[in-house]
Amino acid sequence: MTEALRLIPRAEAKLAAKDFKSDQEVRWCPGCGDYAVLAAVQGFMPELGLAKENIVFVSGIGCSSRFPYYMNTYGMHSIHGRAPAIATGLATSRRDLSVWVVTGDGDALSIGGNHLIHALRRNVNLKILLFNNRIYGLTKGQYSPTSELGKITKSTPMGSLDAPFNPVSLALGAEASFVARTVDSDRKHLTEVLRQAADHPGTALVEIYQNCNIFNDGAFDTLKDQEQAKEAVIRLEHGQPIRFGTDGNKGVIRNERTGDLEVVEVTPANETRILVHDAHAPSPTNAFALSRLADPDTLHRTPIGVFRSIERPVYDTLMADQLETAVEQHGKADLAALLAGADAYVLGQSAEGVQQ
């Protein structure tokens with residue numbers, strides 16, 4: 001068992017997907033990609049072997065943030081953008097819990113951007129599922145921080161002027177120790193990424209491309225169409241050459257002049273130059289360069305999979321060790337005395353304790 005799960009009580013009996021389904025009616029728009037993600041998560045949870053009472057889902061505000069209602073675990077539908085902050089407090093104070101954050105591109109990257117990057121840099125033991133549909137769905141179709149440049153929406157009738165965030169690039173820039181991307185409709189890939197995220201000690205951020213069929217339908221058709229996906233999806237596997245396309249005819253190399261990564265047709269002359277993916281590399285340089293390959297408008301040549309997975313000190317463990325050291329050196333603190341301070345006095349008494 002990994003450090004991420006070591007302190008969490010195991011389930012007494014073997015659980016199934018149905019054990020993680022709550023009695024609440026699932027209320028998303030018919031055809032929403034959230035249904036696929038929910039089914040994948042509920043189907044995956046039994047693999048953890050954890051008691052339901054020791055799993056918590058914390059969400060912010062948005063369509064995806066209804067998630068805790070539908071999981072038969074503990075959960076909290078919190079406030080806009082603050083899910084990482086609330087989950088940080090929970091994970092650091094209760095190391096016997098498996099804490100998951102469910103958020104959206106608007107919730108996480110707009111009002112919640114500051115909370116997200118600090119959770120990532122601290123490496124708190126959280127698993128963050130970021131649903132990215134490139135639109136505000138709950139508030140009915142305004143552009144979001146991941147909407148493409150020129151996006152016409154209710155709030156940008158002449159086209160968005162904002163350059164979009166790349167969530168994977170953002171997470172890597174914040175020194176996240178685990179960063180991955182997957183797609184809502186690819187159940188096998190999504191489950192494998194969830195599996196690796198759950199095993200990771202520290203913060204794991206998983207961006208999930210999720211279709212909003214009401215306000216941004218077809219945003220990821222390039223990656224979902226069987227034929228187009230052959231040329232558009234780059235599947236990253238640790239230790240494997242980065243190749244894709246029909247019969248693996250395309251590959252990723254480093255340009256010897258600029259140092260940038262680029263896509264080439266694989267030939268006998270350049271085959272030895274094809275980059276081998278190393279998710280465990282100490283430097284995030286290659287992972288960041290891979291995250292920049294996708295065209296933000298067309299999503300052609302989009303890498304999915306685990307970009308980075310490295311070991312870094314976990315915030316929860318560091319804090320627990322620090323508290324233990326403090327107790328060893330100074331004894332257990334008297335909280336009431338600490339709050340009162342040395343100069344406190346009782347109202348109505350003099351300094352000598354005589355009633356006034």
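Author: Two strands pair if DSSP finds at least two bridges between them; strands (E, at least two residues) and helices (H or I, at least four) are DSSP runs numbered from the N terminus. This is a predicted model, in which local features need pLDDT of at least 70 and side-chain atom pairs count only at pLDDT 80 or more, while totals for chains, interfaces and linings use all residues. Residues are numbered from 1 along each chain as its sequence is written, and side-chain values use heavy atoms, with hydrogens and water left out.

The open sheet consists of three strands in the order S8-S9-S10, with antiparallel pairing. S8 (243–244) and S10 (261–265) are the edge strands, each pairing on one side only. S8 is joined to S9 (residues 250–254) by two bridges, and Arg 243 stands opposite Gly 251 of S9.

Among the helices, H4 (residues 83–93) and H6 (residues 113–122) have axes that come within 7 Å and cross at roughly 35° (lines fitted to C-alpha atoms over the stretch in contact, with angles from 0 to 180 degrees between N-to-C directions). Pro 84, Ala 85 and Thr 88 of H4 make the contact (heavy atoms within 4.5 Å) with His 115, Leu 116 and Ala 119 of H6.

In helix H8 (residues 187–199), the end C-alpha atoms are 18 Å apart, in agreement with the 18 Å that 13 residues should span at 1.5 Å a residue (1.5 Å times one less than the number of residues).

Ala 197 and Thr 222 are 25 residues apart along the chain, and their C-alpha atoms are separated by 26 Å. Thr 222 lies in helix H9 (residues 221–224) and counts as buried because its relative accessibility is 14%. Beyond four places in sequence, Thr 222 touches Gln 228, Ala 229, Ala 232, Thr 298 and His 300. A polar atom of the Thr 222 side chain lies 3.4 Å from the backbone oxygen of Thr 298, a polar contact (N or O atoms within 3.5 Å, one able to donate a hydrogen and the other to accept it; residues adjacent in sequence count only if both atoms are side-chain atoms).

Thr 153, in the loop between strand S4 (126–132) and helix H7 (167–173), is buried at 9% relative accessibility. A polar side-chain atom of Thr 153 lies 3.2 Å from the backbone nitrogen of Tyr 143, and the backbone nitrogen of Ser 155 lies 3.2 Å from a polar atom of the Thr 153 side chain. Leaving aside neighbours within four places in sequence, Thr 153 is in contact with Ile 135, Gly 141, Gln 142 and Tyr 143.

Note on methods
Buried means under 20% relative accessible area, exposed over 50%, partly exposed in between (1.4 Å probe, protein chains only).
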